[in-house]
Amino acid sequence: MRAPRLVLVRHAQAGNPGDWDGADRDRPLTDKGQVSAVRMAQALGDLLPGSVELLCSPYLRARQTAIPLSQALDVPVRQKKWLAPGQPTGLEVEALARNLPADGGLVIVGHEPDLSLLVSCLLGTTGGRSLVHMGKGDACGLTGALPGPMQLAWHLPRRILERLAGGEVD
């Protein structure tokens, strides 16, 4: 299987927004979400190209999901304001992907519904329909070149990623 050029990862399980008193951007992962983020990183490390750039939303739950991935891939995490919920990302992703080395990949940790909409757009879907639903902790790998359309290499739910890492799944 060819390594994906672009990998989108939804943050792991965070606390319920209704139970959180602070700003949404500061809402952390749950204890289970933190364990899941480590397992996801272990599994994804084997599926990614040798050279990757890792970007994440500035929201705490995305950063907490990206840190174990950063450690597994031995690359820094770069926070991008345009990956915060509700921000348009297409042009930025396209520009970054153009500058990647031929054997490189771009990994983005973000939020819903933005990731599902971005995947659908990159796959060439029109009309704002979402072809892929990104559950908490899901990862989606795309091959091909931007501006696209790209091809879906895989969509792995969190439970599958955790199994690939050899972890128990709740």
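This is a predicted model: local features need pLDDT of at least 70, side-chain atom pairs count only at pLDDT 80 or more; totals for chains, interfaces and linings use all residues.
Visitor: Where is T125, then?

Guide: T125 is in the loop between α4 and β5.

Visitor: Is T125 buried or exposed?

Guide: T125 has a relative accessible area of 17%, so T125 is buried, the cut-off being under 20%. Apart from neighbours within four places in sequence, T125 contacts S120 and L131.

Visitor: Going back into α4, which of its residues are buried?

Guide: The buried residues of α4 are L115, S116, L118, V119, S120 and L122.

Visitor: Take L122. Why does it count as buried?

Guide: L122 counts as buried because its relative accessibility is 6%. L122 belongs to helix α4, which spans residues 114–122. Leaving out neighbours within four places in sequence, the contacts of L122 are L6, L142, L146, G148, P149 and M150.

Visitor: And how far is L122 from D46?

Guide: From C-alpha to C-alpha, L122 and D46 are 24 Å apart in space, and 76 residues separate them in sequence.

Visitor: Which residue other than glycine has a positive phi near 55°?

Guide: That residue is D74, with phi near 55°. D74 is placed in the loop between α2 and β3 (77–79). For context, most residues other than glycine have a negative phi.

Visitor: Is D74 buried or exposed?

Guide: D74 counts as exposed, because its relative accessibility is 69%.

Visitor: A change of topic: at what angle do α1 and α2 cross?

Guide: Helix α1 (residues 31–45) and helix α2 (residues 60–73) cross at roughly 35°, and their axes come within 8 Å. The crossing of α1 past α2 is right-handed.

Visitor: Which residues make that contact?

Guide: On the α1 side, the contact is made by Q34, A37, V38, M40, A41, L44 and G45. On the α2 side, the residues are Q64, T65, P68, L69, A72 and L73.

Visitor: How many of them are nonpolar, polar or charged?

Guide: The contact of α1 with α2 has 9 nonpolar residues, 4 polar residues and no charged residues.

Visitor: T65 was in that list. Is T65 buried or exposed?

Guide: T65 counts as buried, because its relative accessibility is 3%. T65 is found in helix α2.

Visitor: What else is T65 in contact with?

Guide: Excluding neighbours within four places in sequence, T65 is in contact with V9, R10, H11, A12, L29, A37, M40 and V109. Among them, A37 and M40 are also residues that α1 contributes to its contact with α2.

Visitor: Now the strands. Where is V107, and is V107 buried or exposed?

Guide: V107 is in strand β4. V107 has a relative accessible area of 1%, so V107 is buried.

Visitor: What does V107 touch?

Guide: Apart from neighbours within four places in sequence, V107 is in contact with V7, V9, L48, V52, E53, L54, L55 and L69. One of these, L48, is 59 residues from V107 in sequence, with 8.8 Å between the C-alpha atoms.

Visitor: Let us step back. How many helices and strands are there, and in what order do they run?

Guide: The protein has 5 helices and 6 strands. From the N terminus, the order is β-α-β-α-β-α-β-α-β-β-α.

Visitor: Why is the protein described as being as compact as a globular protein of its length?

Guide: The radius of gyration is 15 Å, close to the 15 Å given by the globule rule for 170 residues, so the protein is as compact as a globular protein of that length. Along the principal axes, the C-alpha atoms fill a box of roughly 40 × 35 × 25 Å.

Visitor: What share of the contacts comes from residues 24 or more positions apart?

Guide: Such residues account for 64% of the contacts with a separation of 6 or more.

Conventions. Residues are numbered from 1 along each chain as its sequence is written. Side-chain values use heavy atoms; hydrogens and water are left out. Axes are lines fitted to C-alpha atoms, for helices over the stretch in contact, and angles run from 0 to 180 degrees between N-to-C directions. Helices (H or I, at least four residues) and strands (E, at least two) are DSSP runs, numbered from the N terminus. A crossing is left-handed if the near helix is turned anticlockwise from the far one by less than a right angle, and right-handed if clockwise. Contact means heavy atoms within 4.5 Å. Ala, Val, Leu, Ile, Met, Phe, Trp, Tyr, Cys and Pro count as nonpolar, Asp, Glu, Lys and Arg as charged, and the others, Gly among them, as polar. Buried means under 20% relative accessible area, exposed over 50%, partly exposed in between (1.4 Å probe, protein chains only). The radius of gyration is taken over C-alpha atoms; the globule rule is 2.2 Å times the number of residues to the power 0.38.
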